[in-house]
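Please keep the sequence and the model in view while reading.

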Amino acid sequence: MIDSSSTTSKKTMTNPILTTRQKVEKSLARRRAAETRFRLYGMASVFFGMLCLVVLFTDIASKGASVFQQTSLATEILLDSDYLDLTKDSSADEIRFANFEGLIKRHFAKSLKPKGRKAKRELFKLISPGAAWQLQDLLLANPTLINTTISIELLMDDDVDQWFKHDQDLEIDEMNNRLSEQQLGWINTWVETGRLDTHFNTLFFTNGDSREPELAGIHGAIKGTLLTLMVTLLLSFPIGVSAAIYLEEFAPRNRMTEIVEININNLAAVPSIIFGLLGMAIFINIFGVARSTPLLGGLVLTLMTLPTIIISARAAIKAVPPSIREAAYGLGASKNQVVFHHVLPLAMPGMLTGTILGMAQALGETAPLLMIGMVAFVVDVPGFINDPSTVLPVQIFLWSDSPERAFLERTSGAILVLLSFLVLMNTTAVILRRRLERRW
Amino acid sequence: MHSLPDHYGTLMALWTGVPALILLLTWHLLEGPVINHLLVAQLPADIQSADSAQIQLAISKVYNLAAGSGLAPDASLMPAVNHLAALNDRTLILNSGIALSLCLVCCVITYRRIKPQLRARTEMENIVNLLLLSSSGIAVLTTVGILASVVFEAWMFFQQVNPLEFLFGTTWSPQVALRADQAGSSGSFGAVPLFLGTLLISSIAMTIAIPIGLMAAIYLSEYASENVRQYAKPALEVLAGIPTVVYGFFAALTVAPFIRVLGTDLGLEVSSESALAAGLVMGVMIIPFVSSLSDDVINAVPQSLRDGSYGLGATKNETIRQVVIPAALPGIVGAVMLAVSRAIGETMIVAMAAGLAANLTANPLDSVTTVTVQIVTLLVGDQEFDSPKTLAAFALGLVLFLSTLILNFVALKIVQKYREQYD
């Protein structure tokens with residue numbers, strides 16, 4: 001067909017009046033090019049989405065990977081009983097009040113001999129305040145160590161840590177001048193003697209928040225997140241499932257039910273920050289729930305995730321085929337027996353999947369929690385749902401505001417932890433769906 | 001017998017537990033306000049006649065004193081403090097006592113009713129249905145609560161600030177003077193810069209999200225093989241599952257500096273917190289909202305329409321552009337509207353990347369602020385509840401709630417109508 005047409009098209013070049021067939025053939029090249037272009041746009045769009053995902057993950061992973069390493073200095077230090085005013089039999093309280101910071105300062109002043117007050121101050125700045133707590137913890141665990149020389153890896157300040165992990169090979173003028181020349185001199189001698197080294201950063205996972213970047217950790221935020229999610233789950237799952245059962249199985253088809261349905265669908269799309277306003281005006285001001293607590297956070301997040309859970313639970317109930325219901329009715333079951341003995345167990349996997357996805361949404365939510373006081377600087381790890389606490393996304397928000405470079409690394413690290421929680425929850429949901437959900 | 005043994009058992013359990021539980025819950029909800037009210041009566045007369053802020057302050061002092069915090073004891077407050085301690089003791093005994101006796105009474109009454117003639121199953125089922133009904137009522141109560149709180153506080157705000165000034169004024173500087181003679185913080189609540197800022201950032205986001213989301217949906221539903229679709233679709237949806245605070249961090253620390261460097265190289269003046277950075281990242285976040293909704297809509301277009309078009313000799317792309325998209329247009333418009341409402345309500349990205357300066361500008365390289373950012377800034381931290389600064393946040397919340405509600409409502413209606421058309 002193409003061969004025959006090519007001969008005719010040559011002839012028509014001189015003839016201005018074209019037949020329909022010739023018009024079509026003439027336009028084919030253009031139309032096919034348009035087709036290819038359109039297809040390419042589509043591919044490019046999908047590719048762009050994926051690219052954004054990859055860029056986002058690599059950017060955050062590259063910024064945050066170094067948080068899992070922390071720099072410390074191997075040193076041998078005498079736990080001087082006279083200076084600390086402690087004996088082998090000292091009580092835990094006495095150990096807690098001993099001047100370990102002074103001991104460390106004296107130790108370094110002796111070995112490096114800084115000249116003048118300024119030099120001393122610069123030297124002491126290199127060591128983290130956490131180093132004193134390391135010694136204290138050591139003695140608390142084993143008081144007999146007093147008056148012996150111990151070798152220990154002392155925690156370094158975040159400036160040293162950042163320099164050692166990132167800037168070591170840079171020229172001095174390329175650095176952001178956080179460290180003076182003299183400080184760099186001391187650090188370099190430590191590096192040359194191999195005393196400065198990095199270790200796995202356990203403090204990041206065991207500490208609460210702190211103003212010192214090297215001591216700031218996510219333990220408090222993770223605990224707060226878990227408590228908040230626990231409250232959310234305990235409230236939203238039963239309420240959401242009951243509401244779904246009612247709307248799907250018992251509600252009469254009338255105007256009232258329709259309004260409730262529209263209302264739930266709209267509620268699912270209300271901006272999350274509005275729920276923060278609600279929490280503030282109703283829970284805090286009227287009911288007097290304490291601010292900054294996982295209980296309050298959980299209540300607000302419950303109201304926020306409820307529509308999501310109701311919608312997915314209804315879909316799960318809808319997916320149970322009518323034949324199951326009819327069989328149960330046929331055996332004489334009451335409406336409630338049909339629902340609770342047959343429909344609900346079969347819809348449960350779908351409901352659980354929806355609930356996990358709702359929880360994942362709640363886990364990443366920040367805006368409403370900012371407004372109910374979860375932005376407070378909380379150092380202590382919360383014990384229960386009425387202790388002041390923060391949550392992981394809010395912690396990320398707080399740290400991202402801090403100017404120190406070490407906090408940038410910690411923010412990214414916290415994001416990595418948050419994302420891995422999300423991946424875990426979503427994978428569980430997918431696996432649950434694959435394994436338990438039946439196709440009818 | 002009418003019912004099975006466990007029906008009688010469940011009925012007993014429900015009657016014993018539920019009334020007491022309801023009582024305890026209401027007690028806890030009302031306890032705070034009632035105690036506050038009782039305490040106010042114990043305060044010295046001069047505080048009682050003062051304004052609500054002073055009473056609030058005195059009450060919180062009383063609470064702190066009663067909790068034994070290291071405040072200096074104030075003799076005039078001591079009656080209230082002692083009263084609070086007594087009340088606390090009494091409420092604990094009272095509420096557990098009353099709850100327990102209610103349990104007992106209900107238990108005994110139900111136990112005496114249990115006979116073979118009792119239609120226990122029916123009664124139990126009615127109670128269960130009532131519980132189910134009240135669960136679905138919570139969703140309605142949430143909406144009522146949102147409306148009530150936002151409207152009430154916004155009403156208080158409009159008592160102090162003219163609504164017309166709020167809606168059409170062009171200067172936004174919510175700092176209210178603490179002293180009468182203070183300079184430079186007159187408190188001016190013209191929200192137009194915020195509305196324009198929101199609009200600017202949302203339109204940047206939508207210029208990214210609409211074409212890319214729509215093309216991705218078309219490609220995935222019309223061109224991609226089942227294999228590609230199976231992996232590409234969830235991968236795109238991951239973009240919607242990433243917490244917004246992560247996007248905010250990415251926008252503020254990676255995209256914004258990048259745009260700044262790029263702009264400076266091109267000789268443009270770029271603010272370090274540009275609307276462009278926030279808008280671009282928000283656009284990426286919204287892509288999956290547009291794409292997965294449009295994907296559903298495109299899939300719902302009957303195959304017969306496509307076959308008809310192919311039969312007339314149209315190419316695939318002509319079929320899509322001239323048949324499928326027009327047929328799916330209402331649904332796509334609905335999807336886009338939902339995405340817009342998402343963009344307007346988005347908080348964290350703009351809070352972290354767009355800045356606080358209420359500039360009246362349409363330049364995407366400038367720093368702008370949005371409605372959501374201002375709500376967060378006005379409400380984070382300590383605040384007194386009757387200052388116009390705090391109340392302004394609720395007025396903004398009302399505007400935000402109403403605009404997103406209208407968008408969602410219309411969009412859902414359109415999508416629903418569209419679905420019915422091809423069902």
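Chain B is divided into domain 1 (5–145) and domain 2 (188–422), with bounds that come from an automatic or database domain assignment. The centres of these two domains of chain B, taken over C-alpha atoms, are separated by 44 Å. This is a predicted model, in which local features need pLDDT of at least 70 and side-chain atom pairs count only at pLDDT 80 or more, while totals for chains, interfaces and linings use all residues. Residues are numbered from 1 along each chain as its sequence is written, and chains are lettered from A and ligands numbered from 1 in the order in which they are written.

For chain A, the assignment gives domain 1 (2–64), domain 2 (69–215) and domain 3 (219–436). The C-alpha centres of domain 2 and domain 3 of chain A lie 44 Å apart. Their contact takes 12 residues from domain 2 of chain A and 14 residues from domain 3 of chain A, where two residues are in contact if their C-beta atoms, placed from the backbone, lie within 7 Å.

The contact between the chains takes 68 residues from chain A and 70 residues from chain B. On the side of chain A that touches chain B, H2(A) supplies the largest share, 18 residues; helices here are DSSP runs (H or I, at least four residues), numbered from the N terminus.

Helix H8 of chain B (residues 226–241), with 16 residues, should span 22 Å, and the 23 Å between its end C-alpha atoms agrees.

The buried residues of H8(B) are Ala232(B), Leu236(B) and Leu239(B); a residue is buried if 20 or more other C-beta atoms lie within 10 Å of its own. Their cover includes helix H2 (20–64) of chain A, together with helix H7 (192–223) and helix H10 (275–299) of chain B.

In the largest nonpolar core, of 176 residues, Ala251(B), Ala278(B), Val281(B), Val290(B) and Ala353(B) touch the most other members. Such a core is a set of buried Ala, Val, Leu, Ile, Met, Phe, Trp, Tyr and Cys residues joined through C-beta atoms within 7 Å. H7(B) gives the most to this core, 17 residues.

Definitions and conventions
Helix = DSSP H or I, 4+ residues; strand = E, 2+ residues; numbered from the N terminus. Expected span 1.5 Å × (residues − 1). Buried ≥ 20, exposed ≤ 12 C-beta atoms within 10 Å, placed from the backbone.
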